Amino acid sequence: MSRIYVANLAAYNAGRLVGEWLDLEDYADAEELSAAVEALTGEDEFAIHDYEGFGGFSIGEYSPLDFVFRLHELVESHGAAFAVFAENIWTNRIDTADDLDDAESAFIDAWIGNISAEDYAYDYVTDCLGLEGIALDYFDFAKFARDLIIGGDISEHYEDGEIYLFHNN
């Protein structure tokens, strides 16, 4: 569950803490979230003073709400795998909602699954190369998986006890 703490900056600068935690699941889109923030802060500026539930992503104090909401959608949709991809594979900056859309497209192309490189090597050999029966007994899947990683074909990442495997496009 993604949520942000939105503070009224005019009140904050006057020494009063006026703000509220907003659960992003309560809003259908960024416009609805913006309306809620405006209702909370009126005409005054706002800042995001805290956040949680965005995987490994950082949210800035002045991050645009369309960006924050789109990030919430992606983390909810793709889970921790998207955050691992963005942190370890995606090399472009992610500053806008459009950047997030580009990153999502690349993620969908690259994502293999929560499987080890060795399991992927087995699947590849049986499904794509068609090896079966006794031939599988003589195939070194660990070595093939290592070669796929060293050759830059795939990337294997570990985060919080989970394995994340991606194609390197």
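1. Surface charge. In this predicted model, a surface patch of negative charge is made up of Asp29, Glu31, Glu32, Asp66, Asp98 and Asp102. Two helices, helix 2 (30–41) and helix 5 (97–110), each contribute at least two residues to the negative patch. Asp29 sits in the loop that joins strand 2 (19–23) to helix 2.

2. Overall architecture. The protein has eight helices and six strands, and from the N terminus the order of elements is β-α-β-α-β-α-α-α-β-α-α-α-β-β. The C-alpha trace extends over about 75 × 25 × 25 Å along its principal axes. Buried residues make up 38% of the 169.

3. Salt bridges at Arg3. Six salt bridges are found in the whole structure. One of them joins Asp23 to Arg3, with the closest N and O atoms 4.0 Å apart. This pair connects distant parts of the chain, since Asp23 belongs to strand 2 and Arg3 to strand 1 (residues 3–8), 20 residues apart. Asp23 is partly exposed at 22% relative accessibility. Arg3 also forms a salt bridge with Glu52, at 2.8 Å from N to O. Here too distant parts of the chain are linked: Glu52 lies in strand 3 (residues 46–52), 49 residues from Arg3 in strand 1. Glu52 is partly exposed, at 37% relative accessibility.

4. Asp101 and Arg70 meet through their side chains in a salt bridge of 2.6 Å, N to O. The two residues are 31 apart in the chain, Asp101 in helix 5 and Arg70 in helix 3 (residues 65–78). Asp101 is partly exposed, with a relative accessible area of 31%, whereas Arg70 counts as buried at 18%.

5. Backbone at Asp160. Most residues other than glycine have a negative phi. Asp160, however, has a positive phi, near 50 degrees. Asp160 is located in the loop between strand 5 (154–159) and strand 6 (162–167), and its relative accessible area of 77% makes this residue exposed.

Note on methods
Residues are numbered from 1 along each chain as its sequence is written. This is a predicted model: local features need pLDDT of at least 70, side-chain atom pairs count only at pLDDT 80 or more; totals for chains, interfaces and linings use all residues. Side-chain values use heavy atoms; hydrogens and water are left out. Patches are made of residues with over 30% relative accessible area and no salt bridge: like charges are joined within 9 Å, nonpolar side chains (Val, Leu, Ile, Met, Phe, Trp, Tyr) within 5 Å. Accessible areas come from the Shrake-Rupley method with a 1.4 Å probe; for residues, only the protein chains shown count as cover. Lys and Arg count as positive and Asp and Glu as negative; His and the chain ends are not counted. The place of a charge is taken as NZ of Lys, CZ of Arg, CG of Asp or CD of Glu. Helices (H or I, at least four residues) and strands (E, at least two) are DSSP runs, numbered from the N terminus. Buried means under 20% relative accessible area, exposed over 50%, partly exposed in between (1.4 Å probe, protein chains only).
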